[in-house]
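Hello,

Here is the structure I promised to pass on to you. My notes follow below it.

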Amino acid sequence: MTATNGKRSVKTAIIGAGMAGILAAIKLRERGEEFVVFEKADRIGGTWRENRYPGLTCDVPSHAYTYSFEPYPDWKANFAGGPEIQSYFEMVTDKYGIRRNIRFGCEVTSVDWSEDSCLWTVTLASGETYVADAVVAASGVLHHPNIPQIEGLDSFEGPVFHTARWDDDAPIDGARVGLIGCGSTGIQIVTAINKRVERLVHFQRSPQWILPVEQFEFTDEQRAAFRADPKLIDAIRYSDEYIGAVLRFTKGITEVDGPEMTAIEDLCRENLEKSVRDPDLREKLRPDYRAACKRLIYSWCYYEEVQNPSVYVETGGIERVEPKGVRMKDGTFHELDTLVLATGFRADRFIRPAGVTGQGGRTLDDFWAVRPSAYYAVAIPGFPNFFMLNGPTGPVGNFSLIDIAERQWGYIDQLMDRLRNGEARYIAPKAEAHAEYEERRIAAAKTTIFGSGCSSWYLDATGVPSSWPWGYQDFADAMVAPKFEDYALSA
Ligand code: NA7
């Protein structure tokens, strides 16, 4: 940090060039500050780069899944597909001129705080180091594939792969495909490939509730109108239909027996009753837990597509994988050519496996021994000038992570102002403030719909929902300004 007239220039290392890292880069570029983005892959995009499976679609309406400062008039449809979203981020990266600040092929292996210099040293897999005043961990949430521990998985003779490592050469067309897992990913894949395959066996350990949503394409006239008047885009982004739904949804999450959650449950139940004609299939697809306990699946076509005769829904337990297919506990055998693992991600990793060592030599692994946490999801006691975007305990649910990251950035930016104006050399939340936050958060989290009795990636290792347990407006309000009395500043 160099000082001029009491002001200091702050040098920042951003880890990850996905949606959140690009955001941080744009904001620091606008400030004219020095920063580098380290990206392990050879392209930007994060989750939208890594996921390429058929049917990949964002379940947040496209005009709400954009940066607020970069509305996009050209979205093709209400719910955008993965490649189009990837193109949007590529376009934004170029438009804001941040590509030259991104170092591709640079995996960060460790981040170490120096007590002497009050600087972070970022070490790359190549051994190269970079020294920075501040670190922004924008490394995403769902990027470490969860590979299921199923006996014999390695013995399968055909291609077997996780959905985030899609194998373009694997037989799908006219083939017998097995698909394990029915989160958003598995459901989207069913809708995309059921007409291409000879047979699709969808292994559903826990069937999901499906909330019906409307998909439609924007017309050329609408796109032209959006281009001519971006306020029309704002009218969608900030409409009661979207914002109101988010607020009602988070109210339902927190008031599990209130009218909002009842309405969601009714919609899901009605969708199942009315859409699935065969009573046996309907019962197979009926979850035995409450709607929204797992992340709700938004779909406009799943129930129709799953009734295609090519699809067989298998809800029995898997015994093992054999060279030619999958053997069920009841002895049934499904002969398959390709096996797809839509088995989700390890949601507790965040920046790890990179090692982070803060004050007093304490590691993040140690701090997170029970569960990952961060004060208001953005900062960690003992890890000064280390800020997280979409970090632990932030809101998760069926709403835009872009909006969440933007609000978090507004908060982090104010913390960094204390460094910029020379008031502090480093800043971190006080341990007691964080402990108090976590205590309140955990108590509230246990009463949310996520804790109502199902397994999901929303739960931490102790079975407690790991996310923001209050309403979305509470999150937005908390991000308006940090409570500086909860922070320790060092001159
Ligand atoms: P999810 O939502 O974590 O879903 C994973 C699915 O895989 C779920 O149905 C799991 O069943 C199933 N699963 C996991 N392990 C196994 C084993 N061992 N055997 C059988 N089935 C298994 O991941 P997605 O990729 O679909 O979605 C992740 C997020 O991406 C999503 O929420 C959106 O935010 C976008 P279970 O429910 O545990 O019984």
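Rings of Phe, Tyr and Trp (its six-membered ring) pair if their centres lie within 6.5 Å, and planes under 30 degrees apart count as stacked, over 60 as edge-to-face and the rest as tilted. By this rule there are 36 aromatic pairs. In one of them, Tyr-376 and Trp-468 have ring centres 6.0 Å apart and planes at 50°, so the pair is tilted. Tyr-376 lies in the loop between α11 (364-367) and β21 (379-380), and Trp-468, 92 residues apart, in the loop between α13 (431-445) and α14 (472-480); helices (H or I, at least four residues) and strands (E, at least two) are DSSP runs, numbered from the N terminus. Tyr-376 is buried at 11% relative accessible area and Trp-468 is buried at 6%, where buried means under 20%, exposed over 50% and partly exposed in between (1.4 Å probe, protein chains only). Both rings belong to a cluster linked by ring pairs, whose members include Phe-249, Phe-484 and Tyr-487.

This is a predicted model: local features need pLDDT of at least 70, side-chain atom pairs count only at pLDDT 80 or more, and totals for chains, interfaces and linings use all residues. Residues are numbered from 1 along each chain as its sequence is written, and side-chain values use heavy atoms, without hydrogens and water.

There is also an open, antiparallel sheet of three strands in the order β16-β17-β18. β16 (318-322) and β18 (333-335) are its edges, each with a single partner strand, so one side of each has no neighbour in the sheet. Strands pair if DSSP finds at least two bridges between them; β16 and β17 (residues 325-328) have four.

Best wishes
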